[in-house]
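Open your viewer and get ready to click from one chain to the next. Each stop below tells you what to select and what you will find there.

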Amino acid sequence: MTLVILGMRSLLRNPYRSVLTSLGILIGVLSVVVLTGIAFGAKSLVLRSIQNLGPNLLVVIPGSVTDSGAQVGGGTDTTLTAEDAQAIRRQCPDIWNASGALRTAAQVQSPHANWSTVILGAEPSYLPVRDWRLARGGFFGEEEERGMARVAVLGRIVATRLFGLEDPVGKFVQINHSPFRVIGILSSKGQSPMGMNQDDMVVVPLATLQSQIMGVSYVGVILAAATSPDRVDAAKREIRGILRLRHHIPSGGRSDFEIQAMSDISKTANRISLILTVLLALIASISLIVGGVGILNIMLVSVRERTREIGIRMAIGARPRDILFQFLSEAAALSFFGALAGGVGGILFLDGIHLLVGWPTPIPWEGLFLTVAGATLLGTLFGLYPAWSASRLDPMEALRYE
Amino acid sequence: MVVRDGPGLSVRLEAVTKIYTVSGEELPALRGISLSIPAGESVAIVGSSGSGKSTLLHLMGLLDRPTSGAVFYDNRRVDTLSPSERAVLRNRSVGFVFQNFQLIPRTSAIENVELPLLYRRIPARERRERARDLLASVGMGDRERHTSSQLSGGQQQRVAIARAIAASPGLLLADEPTGNLDSRSSATILDLLLSLQSRFSTTLVLVTHDMEVARHAQTTFRVRDGLPEDPQ
């Protein structure tokens, strides 16, 4: 303990050099903490937007895979229909609801403004499947769907663009020059994992979009919600069976559709973000090692500079191991305080990013402690060689050193 | 393993030689010296520069090991001990006073005096008290906080002496202790060393080239070219 204090004291005798030496470790720890924090933030952002799509969600898209494994026209084929969606809804025991959906782009006009946006045709079950709520007004039901009613539910952004602060519910908008009555406003949902802003769209009944705007009979996608997360795989099998039957695909033949489970996507996202985190941490570790080399360098200089002091200490009765511990504790203290300052700096930096840019930057506490401990260990290890060489000095030669 | 604390350690050198090898060339510093110093005596080792007198002192103080021959403390062979054991022995039984004082730079007088006690694992409080008493006993009680750069040569040497006797060693080794001092300081330092020697009956070995200094010791041992000079 006394030797540790001794080491500290000699650090205080050279405050500038001590601070500059710790700076390397400080920056190393800071970059590890900040980069992993950002990676964590990015991960939570991606996961949150996947969560936003609705839990237990399965997405059926048209498209086939050729024998060579290449996908042909993924997502653009026209093989899925509203009847497929209905069959899934009615016949799969592990699906509690499903909705076909189709989208196109169109100009939407209010009396005051016009806005180019996405028109989504969806069935009444779309809202519960997506676990989405309305901000105001209502959604269309079976009656409007069957009757191809010209009703529209506006996304948040569209509502603001077209009506400003006014309440759009009950008013009319023009889609492709046909009037649609606004019956509701969607609650805000933000970005989809594919980067589309889900608040920038207008939802109309699927049948209305198919026959009155686009003149087609297929759907672009079928969204299905499994009864619970652990039934997702079973639901996937059921959908596959039903659709293959409905599409008359012989056993052994390739399906003309694809089923993606959101849980799979989030697994992939998790894996990717893990790789990202490890990669960033690895890059940041390089600066940590550079910091360690800085300690090695300064400690070597310090041992050389203080050769005579070491000689005096040995003459007075310091054992080689006393000298070793003194220099080792110097290196440990330098790296510990550097790492600690880097950790605190990292937390402040992440908070700053959060305040300025608004990214979620959770403090990676576990990683933080690990990094501080690791950096201290690293610095101490780099101090080992200089400390060892100091302890091996010959007392006589050290005393004579000028 | 410690021989013993405090008064009087007898030192015996048996046919010691020391050969330094500098860039492949062998430079003999001591060519075979036998010397016995009884406990509690004061001995002056005299010789011109390069005679090997300092080397002799370093061998006695276990700072260095002889190329051949043996060193005994109270009839126990000590030159063959490990570096760590020699360090412990230096700490407990030997006090050094050097020509250039060898205080640790940027360190206060009291911290310098505390050092041997620190390496002896004496608790901080006791260490501080003893260091304070020691500084007072060499007339430096009012300079505890001064660092070496704030002290005159004579004052530095007094701090160094306080440090040398801090662990109450049985053997006090002084290498040209007045070599860097003016005549007035020299006299004070010499008086201090001799009074300490008689007060604690410590064995005192004084290396000097100055006969005036050597005169104060009980016996004189002359060295020339690494060999004992014939007694006059």
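Helices (H or I, at least four residues) and strands (E, at least two) are DSSP runs, numbered from the N terminus. This is a predicted model: local features need pLDDT of at least 70, side-chain atom pairs count only at pLDDT 80 or more, and totals for chains, interfaces and linings use all residues. Residues are numbered from 1 along each chain as its sequence is written, while chains are lettered from A and ligands numbered from 1 in the order in which they are written.

**Stop 1: chain B**

Select chain B and colour it by secondary structure: you will find 7 helices and 10 strands. Its radius of gyration (taken over C-alpha atoms) is 17 Å, close to the 17 Å that the globule rule (2.2 Å times the number of residues to the power 0.38) gives for 232 residues, so chain B is as compact as a globular protein of that length.

**Stop 2: chain A**

Now switch to chain A, with its 13 helices and 12 strands. How does its radius of gyration compare with the globule rule? The value is 33 Å, well over the 21 Å that the rule gives for 402 residues, so chain A is more spread out than a compact globule. Its C-alpha atoms fill a box of roughly 105 × 55 × 30 Å along the principal axes. Buried residues make up 43% of the 402 in this chain.

**Stop 3**

**Stop 4: where the chains meet**

Show both chains together. The contact (C-beta atoms, placed from the backbone, within 7 Å) takes 19 residues from chain B and 17 residues from chain A. On chain B, highlight α2 (83–93) and α3 (109–119), each of which supplies at least two residues of the side touching chain A. The largest share of that side, 6 residues, comes from α2(B).

Definitions and conventions:
A residue is buried if 20 or more other C-beta atoms lie within 10 Å of its own, exposed if 12 or fewer, and partly exposed in between; C-beta atoms are placed from the backbone. Two residues are in contact if their C-beta atoms, placed from the backbone, lie within 7 Å.
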